[in-house]
Structures are given as structure tokens and as C-alpha cells.
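Welcome, and take a moment to look around before reading on.

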Amino acid sequence: MNTALLTTRLRRVPISVMIVCLILTIIVVLAILAPYVAPVDPSKQNLLGRLKPPGFERGGITYWFGTDDLGRDLLSRTLYGAGVSLGVASLSVVVSTLVGVTLGMVAGWFRGSVEIVIMRLVDIMMSIPAILLAVLTVAVLGPGFLKLVLVLGLTRWPRYTRVAYAQTLQVANLPFIKASELAGAGAARILFRHILPNIAGPILIVATAEFGLMILMEAGLSFLGLGIQPPAASWGAIMSVGREYIERAWWIVAFPGACLFLLVFSVNVLGDWLRDQLDPRSRSR
Amino acid sequence: MSVRLTSIAAVLLTLASSAAFAQSKDALTIDLSGDAATLDPHLQWDTNSYSIYRNIFDNLLTRNPAGEIVPQIAKSWKYADDKTIEFEIRDDVTFQDGSKLTAEDVAFSINRIIDPKLKSPQLTQFDQISKAEVSGPNKVTMTTKSAYPALLAQLVKLSIVPKAYVEKVGDQEFNAKPLGSGPYKLANWQKGVQTELEAYGSYWRVKPPFAKVTFRTVPDASTRLADLKTGKADLIGGVTPDQAAGMKSETAIKVLSAPTERVGYLYINAEAGPTKDVRVRQAIAYAIDRSALIEALLAGYGNPVNIVGAKPIFGYTDKVEGYAYDPEKAKALVKEAGAEGAKLEFLTSPAYNRATIEAIQQMINEVGLNVEIASSDQATFLKRRQGEPANAGSMAFGAWSCACQDADGIIFPLFRSGSIWAKYKNPQYDALVDGARVTLDKNERLAKYEQAYQILKDDVPGIGLYQAFAIYGANTKLNWTPTANEAMFVTDMSWQQ
Amino acid sequence: MLRYAVQRLIQAVIAIFGVLTIVFVVMHFSGDPTLLLVPPDASAQMIAELRHQLGFDQPLWVQYLNYLGGLIRFDFGQSVVQRIPAIDIVMSRVPYTMMLAGGAIVVAVGIGIPAGIMMATRRGGWLERVLTAIVVTGQSVPTFLSGILLIFVFAVTLRWLPTSGSGDFASLIMPSVALGALSMSTFARMTRISIIDELGKDYVRAGRARGLSMGSVVTRHVLRNAAIPVITIAALEIGNLLAGAVIVETVFAWPGIGQLAIQSIQSRDFLVVQVIVLLISFVYVLTSVAADFVYALVDPRIRLAR
């Protein structure tokens with residue numbers, strides 16, 4: 001088997017990747033359309049109809065996913081929860097990418113004392129366990145959607161910085177960048193117009209891996225009672241309630257759990273594939 | 001450092017050797033949500049700590065199953081005047097090292113806990129005491145700063161520690177290796193893991209029912225239930241009402257519960273925000289369906305109350321008429337106050353039941369207000385709740401117990417102006433609770449509390465929701481009747497024959 | 001080389017110092033433990049008094065300097081909750097954390113690396129698909145859920161393993177699996193990638209051309225060369241495991257550092273948290289410095305690139 005053949009085989013999109021892309025699309029579309037497709041108000045309680053199994057009917061409404069511990073429709077909650085889980089994860093990935101990549105490029109481009117300060121800061125941040133830092137920061141800031149995004153984003157940026165830094169070092173010596181520097185281009189222009197497009201691949205790989213982790217981190221914070229404010233709920237928050245009822249009402253955990261699994265699974269499969277395509281040598285994680 | 005390495009090695013060794021300690025009839029294993037913070041009974045006062053250390057120590061006074069204050073280390077007592085009380089001390093009690101418990105130890109215990117040098121968080125409960133002196137053989141005289149009727153109720157919480165031992169080993173060592181006169185002595189304390197106690201053979205009161213008692217630290221409620229089901233634990237604390245409802249179908253385990261002095265209540269900010277208007281506060285009171293909360297969320301483990309106080313407390317009254325569930329009236333009041341859609345911040349923390357908070361939120365929203373939950377961790381919650389009225393949210397849920405079964409321990413700290421919890425000011429109310437605090441005559445005190453509760457009802461700086469139950473899960477073969485003060489005295493338990 | 005080593009160590013010390021400072025400041029901004037310690041009926045005056053006794057009424061910089069002063073004398077301070085030296089509390093948990101981290105590493109390495117080798121050498125086969133599914137599952141289930149599911153299946157229903165606790169080997173199994181799952185996936189993917197990387201190199205093709213079987217090329221040459229990046233990851237994963245245990249330890253009542261950390265943060269037991277953070281960052285910085293040294297020894301070019 002020669003290299004060219006191997007490459008063409010890799011370039012072909014395997015069926016598994018197409019399936020996960022489809023799953024991702026469905027989840028994103030449902031999350032966006034939640035207000036239109038959800039059968040009832042997700043925070044409408046019914047204390048007389050709590051912990052009812054899937055298929056339970058009442059007042060002309062069928063509860064396809066059953067009800068939770070306050071008698072709320074789990075299908076609607078799962079649909080709305082998709083938006084929260086996806087929103088927190090994707091926005092926090094955006095925040096950490098913005099911060100991390102900028103700092104990484106700056107460190108790699110300017111070198112010297114800037115490099116030392118930034119990279120030691122990376123060491124500092126990386127050596128405080130992210131979950132501890134998140135718990136501490138939520139304690140100071142208080143919980144809430146935007147704060148959660150900030151906390152997760154601002155604890156995870158060093159991972160991007162490392163990659164962006166290493167990649168910038170490699171790219172910085174390329175002839176065309178040297179040329180534009182000599183032509184008098186400003187640092188900002190060089191970094192964002194020339195370097196960024198050349199290092200985007202490896203960063204994309206980190207971002208996909210981090211996306212799955214962010215979903216799990218948000219779920220973990222919900223378990224510790226520091227997630228999104230009720231009655232709004234992410235999948236993680238619904239599941240952390242449901243685990244108390246795992247014997248009496250398995251459906252509370254099962255449906256959002258299955259969705260969360262499908263989402264993270266899909267993102268990971270997609271990420272692995274992207275990594276193989278873009279950078280088979282990546283050792284960034 | 002090398003000492004520490006040896007201790008690490010020792011832990012590893014014990015772990016290897018103590019593999020699966022066989023359960024026998026003579027042992028009892030209890031799962032609690034946390035470890036004792038301290039075993040020095042004069043330091044921390046949290047449920048997990050005192051559940052353990054009150055089996056190692058005796059108290060000056062105690063409560064019988066009916067909740068009345070009865071002698072323990074003190075045989076009897078009498079008031080010399082309003083501020084002076086003399087206790088007669090038993091002379092047949094020995095500490096677990098064989099030494100005799102004397103009046104010296106009792107006086108020392110009181111003076112130790114009120115000594116600022118100890119930095120005891122419990123100091124607040126005993127700060128009305130100015131001093132204690134030995135006033136004769138087996139006699140101790142205690143002086144309070146003013147007449148203080150709740151004194152005896154507070155002394156129920158006072159553990160007697162051995163003067164000679166504490167002075168010999170020092171505070172820090174005493175905390176690590178406590179020694180008391182109680183039915184059980186400390187055998188082994190693996191911090192964060194478990195506390196093992198063994199019976200003290202010459203205990204003066206009764207023969208301890210189990211040779212060995214182990215308190216395990218299991219933070220997760222689901223895991224505790226799994227432990228009980230598999231026989232890893234014989235008794236578990238902190239059972240949720242839903243877990244209890246689910247346990248009823250099981251045969252090997254049972255639910256033990258008791259109505260307690262703990263009262264579920266809602267604080268409403270009377271000094272800031274939309275709830276500054278008494279009509280809004282009244283609307284909230286009318287909006288809450290207590291029976292739905294109790295039936296659905298507490299699975300019946302609760303009794304409705306009209307006041308912020310439950311039956312087992314001194315000062316409880318059923319003469320104050322509460323607010324019945326009446327959403328129409330509530331809506332009308334909201335409209336009258338012009339507060340439709342007003343944003344109310346509902347402070348809470350993971351320490352409080354989330355479902356209850358959400359259910360209350362929904363009930364209040366249904367009468368035309370807009371409640372937003374602001375959940376933060378406990379330390380932050382307390383900082384806001386106890387801080388400036390403007391920043392203390394509009395309402396918060398709580399489950400209050402002073403472990404003293406007296407209205408003074410509830411409505412004084414909650415609503416007396418100037419108290420950290422109070423976001424409410426009414427001079428008439430203040431005068432009543434201040435007066436009740438220094439009135440020794442029982443009927444006069446009761447009358448004052450009844451009036452105070454009536455004022456609270458009219459002004460609604462908070463409302464009582466229900467009397468909480470303590471819920472435990474136990475092996476079917478365990479005999480035990482939980483009590484109103486949530487105490488866990490092992491001597492009250494036994495295996496069925 | 002020596003200059004590089006000294007430089008790196010100085011930077012490491014500064015990094016640890018930075019960690020301690022950040023955590024100290026953030027912790028103190030989140031309030032002090034006094035309110036959590038007093039009984040509910042405490043008056044404002046009593047709270048102020050206890051706060052004063054415990055020293056939390058001093059300005060932040062005074063508290064910070066006091067803390068640093070103690071640190072220089074290797075005095076890590078006393079826990080305000082348990083009233084014993086903070087270092088003793090943390091050290092008593094270290095053996096449990098080591099056991100759990102060890103168990104998780106065994107799970108992660110024992111399953112992850114063979115799975116990664118299989119995935120790299122049997123590309124396109126059904127085995128690769130099954131293993132990929134297992135590996136990705138490992139990182140797609142929140143630990144608070146996998147933990148309770150394990151308890152429910154293996155302890156409550158099948159009664160094979162103890163539900164919780166830390167007294168014996170059997171109770172180590174489930175927490176190790178729950179904690180090791182995430183790292184297992186990391187190892188499997190890293191192993192897979194670095195083997196694929198090696199397989200593309202000339203010496204492999206040369207070996208194959210000389211008539212060596214694929215299996216012997218892999219075992220004799222590829223594994224050894226692919227091991228270096230995997231070992232680096234292992235060093236970093238140890239740091240992650242110390243902390244990732246927060247939820248696992250809560251679910252399984254495992255008395256390690258993770259559970260202690262979360263409880264100490266919640267109860268604002270500042271000095272205990274500081275010791276934990278110091279310990280974890282020390283381990284982390286130490287492993288990453290060690291990894292840098294190994295690289296620098298193996299490949300002198302790295303000294304220039306880093």
C-alpha cells in the first residue's frame with residue numbers, strides 16, 4: 001500500500017462520521033427549535049403527577065419521556081436542556097479559544113519576557129485542577145449561565161495557549177511571514193492574517209476535544225449544586241436530580257443521559273476523525 | 001516529615017489487615033453524611049459532630065423521650081435568685097480512664113466553653129453565663145448576666161469534660177483523643193473515613209447495648225441507601241422523603257422517623273425590595289399550598305404549621321390563625337400593591353432541598369409575581385442572607401432548629417431587629433421577645449410569645465411552612481425511636497432479640 | 001544544561017508561588033468560614049468576636065503575609081474547622097488518593113494501551129470499531145452517573161462488590177473504574193496516534209521489506225518508539241487524576257484529597273485548601289519539569305525550541 005492510496009482512503013468520509021454529523025445536526029436543530037417543538041412549558045409543575053413513567057397521559061397530553069420529581073414534562077425539559085448544555089459548552093469553548101489562542105500566538109511571536117510570563121501563567125493555571133478552580137470561582141461570582149461560561153472558559157484557556165504557542169513557533173519562521181514582517185506589517189496583522197490561518201487545524205482539534213469535556217464539566221458542576229439556576233436545567237442538571245431516583249424513576253436519568261452520551265460521543269468521533277485528517281502527528285493532549 | 005511517612009505506612013497497613021470486618025450482633029454501623037469535625041465537644045456544633053461525640057460524653061442535663069428537661073450529671077438544681085442557680089452533681093460517675101467526675105469538672109467545663117481563648121463557635125449559646133464555681137462538695141453555682149429562662153435548655157447541650165485530663169494533654173490532644181464519662185469511648189478515629197467507638201463497661205447509667213459502634217462518613221445519599229440495602233450499614237441518616245417512600249416496599253430495611261423541633265420556614269425581606277410592602281408579603285403567604293408541599297414533596301413527612309415554630313418548642317401556640325392557601329386573595333393583594341410581575345430574588349444554596357424551592361417558586365409565580373432563584377454555595381448564601389437588607393434577596397427557605405426547644409432560640413435570632421437574620425423592624429415585637437428572654441414565669445413568657453407570634457402573623461417577615469421530620473433508614477432488626485431534638489444516642493438503640 | 005535546569009526550577013517555584021497566591025486571594029474574596037461555624041442563633045457581635053479570634057478581620061495583605069511567614073517556617077497553619085494542623089489532615093488522605101490514583105492508572109493503562117495498540121494495528125476491522133466505541137464511551141458518561149450505575153449493578157443488584165468505603169481491595173475496584181475511564185480513553189487515543197505515526201516511518205517499511213512480520217516489527221521497534229509521548233501523557237494524567245477524583249470520591253465515600261478539597265472549599269477551610277493546592281501543583285510542576293528534563297536530555301534541540 002503506498003502513501004497516496006492511504007491518503008485518498010483517509011480523505012473519504014467514513015459512514016460513522018456521516019452518522020455522527022447527522023446526530024449533531026439533529027441535536028443542534030432541536031435545541032434551537034425547542035420553544036416550538038416542546039409539547040409543554042418545561043417548568044410547568046404538577047405535584048400530583050410527579051415521577052410518572054414514559055407514555056403517561058393526563059389532560060390530553062402524553063408525556064413521552066415521563067415526568068420528573070416536580071411533575072414536569074421530561075421531553076420538554078430535555079429539549080430545552082439541549083440548548084443550555086450546548087450553549088454553555090460552545091460559548092465556553094469560544095471564550096477559551098479566544099483567550100488561549102491570542103495569548104499563545106503573542107507568546108510565540110514576541111518571545112522573550114512576554115513568552116516567559118505567559119507560559120508560566122499557563123503552568124500556574126494548568127497546575128490548579130480545573131474543577132477546583134471552577135468551584136472556587138462559582139463561589140465568588142455566584143452561578144448563572146454567563147458566569148458558568150466565563151468560569152469554564154477562563155479555566156481551560158491554557159490548553160489552547162500551549163498548542164497555539166508551539167504552532168506559532170513553527171510557523172513564525174516560514175518565508176512568507178518573514179517577508180510580510182520585512183514589508184512592515186504590524187504584529188496584529190501578522191498574527192491574525194497570516195499565522196492564525198496556518199495554525200487553525202491543531203486548534204480545531206483541541207476545541208473539539210474540549211467541547212465534550214465542557215459538557216461533562218458543566219454536568220459535574222450541576223452535580224455539585226453549582227450549575228445553571230433552576231428552574232432552567234441542563235442535561236447534567238436533570239441527570240443529577242435523576243440519579244436520586246434511579247430505582248423508582250429510571251427515565252429521569254435515562255433520556256437526558258442518552259442524549260448527552262450521543263452528543264459527546266458524536267463530538268468525540270468527529271474530533272478523532274478531524275485529528276486524523278488534519279494532523280496525524282498531533283500530541284497536543 | 002519521616003513521622004508522617006510512617007503514619008501513611010501505618011494507614012496502608014491497617015487497610016490491608018482490617019479487610020471486611022465481619023458484621024456481628026454486637027456491633028452497630030451508622031452512615032452519616034460527614035465525619036465529626038471535632039470530637040472535642042466544646043468546639044464544633046454540627047449535626048455530624050454531635051451525633052458522634054454525645055455518645056462519648058455525658059451532658060449536664062438531658063431531655064427525656066417526652067422532651068422534658070431531666071437530670072443527667074446534675075442530680076437537681078434550684079434558683080438562688082433570678083441570676084444564680086445551684087446544681088447538685090452526681091457522685092457515682094467515672095470518666096473512661098476510671099477517674100471520678102466531680103463538681104470541679106462541671107465548673108471547669110462551663111468556664112472552658114465560655115473562655116474566649118478556646119475560640120469555641122458554641123460560645124454564643126453560653127454567653128449569658130458569666131461564671132461557674134464549685135460551691136461545696138458536689139455543688140456548682142452558676143451565675144448568668146441577667147435572668148435567663150432558656151439557660152436549662154442550653155445546658156442540655158453542655159458536655160462535661162475531665163478537667164485533669166484536658167489540662168494534662170492540652171486542647172489539641174484532647175480533640176484527637178477525647179475522654180468522657182459517656183457510654184462509649186473512642187477506639188479509633190480515621191478522619192474522613194470512620195469513627196469507631198467501643199463500650200465503656202463501667203458506665204453509670206445503663207449497660208451499653210453494643211460492644212462496638214462505627215460511624216462511617218458517606219456524603220452521597222444514594223450511596224448511603226445502597227449501604228443500608230446491602231447490610232454495609234445498619235442505620236443511615238439524612239434519608240430523603242422520596243427515598244423513604246421507596247423503602248416501604250422493602251422487608252430487610254425500614255424507615256424510622258420522628259417529628260422534630262425543626263421548622264421549615266420562608267423568610268421574606270420586610271426592609272427592602274418589592275416585599276417591603278406588607279401586602280406583597282401577605283400575598284406570598286396566601287400563595288403557598290402547604291398541604292401540596294407536604295403530601296407531594298415530603299411524602300407526608302411533615303406537619304403544617306401556622307407559625308415559625310413547631311410543637312416541641314416552649315412558646316408554641318396554635319391560637320394564631322395562619323394564612324390558608326388562597327391564590328385568589330393573593331392575586332388581589334398583589335394587584336392592590338401594584339406589584340404585578342415584580343421580580344423577587346429567592347436566595348438558596350445546595351444545602352436546601354431544591355425541589356421544595358422550585359415548588360415554592362412556582363406557587364408564588366402563579367399569583368402574579370416573578371420569582372428568580374439565586375443559588376450559591378452555603379458560605380455565600382449566608383453572607384448575603386445575614387448581610388444588609390438591600391442585598392439579602394426577597395426571600396429564602398430555611399429549616400430552623402436551635403436544638404433548645406424554645407421559641408427564644410427561633411424567633412429572637414430570626415426576627416428581633418438588629419439580629420443578623422432579621423430584615424424586619426417592629427419595636428413592639430422587639431419589646432415582647434426581649435421581655436420573654438428575661439421572664440422566668442412560664443405563663444407570662446407563654447403569653448408574650450403568643451403576642452409576638454400574632455405580630456409576626458400580621459407583619460409577615462416570614463412564615464412557618466411545616467414541622468420537619470427526621471428520617472432515618474434502619475435494618476429491620478434495629479430497635480430505636482428517634483426523638484424531637486434529632487439526637488442520636490446509641491444507648492437508646494438495641495437489636496431485636 | 002545546568003543553566004537550563006536552574007532556570008526551569010526557578011520558574012517552577014514561581015509558578016507554585018503564583019498558584020498559592022491566586023487561590024489565596026480568590027478564596028478570601030469568597031467569604032470567611034465564621035458564618036458557617038457559629039450556631040444559627042449567634043448574634044452579630046458574637047460573630048464579629050469569633051472572626052476576630054480567628055484572625056479573619058485583618059486586612060487581606062496582613063493575612064497573606066502571615067501565611068507566607070508560616071510557609072517559610074514550613075508551618076502550614078491550622079484548620080479552623082478541625083482545629084488540627086492542616087498538613088496532617090491532608091497527609092492522612094494522601095494514601096487513599098495514591099491508592100485510587102494507582103487503581104485508576106492500572107485501569108487506564110491496562111485497558112487503554114492494549115486497546116490503542118489494537119486500534120492502530122487492526123485498522124478498519126470490526127475490532128477497531130468495537131474498541132473505538134468503548135473508548136469513546138469512556139469519555140462520554142459523567143462520573144456521577146457511571147458511579148451510581150456501577151453501585152446499582154455490581155453492589156446492590158449482583159452483590160459482587162461493596163457499595164462504598166475504603167477498607168479493603170474490593171472497594172477500590174469500582175471507584176478505580178469510574179475514575180480511570182476518562183484517562184483510559186486518553187491513553188488509548190494517544191497510543192493509537194503515536195503508533196500510527198511510527199508505522200508510517202521508513203524503518204517500518206524497511207523491516208517489512210526484509211520479510212519481518214508486522215507483529216514482530218510492532219513489538220520490537222514501534223512500541224518502544226511510540227512509548228515516549230505516551231509516558232509524557234501518563235505524567236500529566238497523574239495530576240489530572242488527583243483532582244478528577246472530586247466527584248468519584250464523593251459518590252463512593254472514598255476519603256481522598258478530592259473529597260477533602262471540595263468539603264474544605266465549601267466550609268472555607270482556607271489553610272486546608274492551600275495545602276491541597278500546594279501539593280497538587282507541586283506534583284504537577286514536578287512531573288512537567290521532569291518531562292522537560294527527559295526531553296532535553298533526549299533531544300538537545302528542544303532546549304532551543306522551548
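This is a predicted model: local features need pLDDT of at least 70, side-chain atom pairs count only at pLDDT 80 or more; totals for chains, interfaces and linings use all residues.

Residues are numbered from 1 along each chain as its sequence is written, chains are lettered from A and ligands numbered from 1 in the order in which they are written, and side-chain values use heavy atoms, leaving out hydrogens and water.

Let us start with the cysteines. A disulfide here is a pair of cysteine sulfur atoms within 2.5 Å, and searching the whole structure turns up 1 over all chains. Its partners are Cys402(B) and Cys404(B), with an S to S distance of 2.2 Å. The link between Cys402(B) and Cys404(B) is left-handed, at -90° about the S-S bond.

Why does Cys404(B) count as buried? Its relative accessibility is 2%, and buried means under 20% relative accessible area, with exposed over 50% and partly exposed in between (1.4 Å probe, protein chains only). Cys402(B) is buried too, because its relative accessibility is 4%.

Now turn to chain A. Cys21(A) is in no disulfide, and the nearest cysteine sulfur, that of Cys259(A), lies 18 Å away. Cys21(A) counts as partly exposed because its relative accessibility is 31%. Cys259(A) is likewise in no disulfide, and is partly exposed with a relative accessible area of 23%.

Finally, back to chain B. UniProt, in an unreviewed entry, places the feature "domain: Solute-binding protein family" at residues 68-417 of chain B; UniProt positions are given in the numbering used here, feature names are shortened, and annotations may be inferred rather than shown by experiment.
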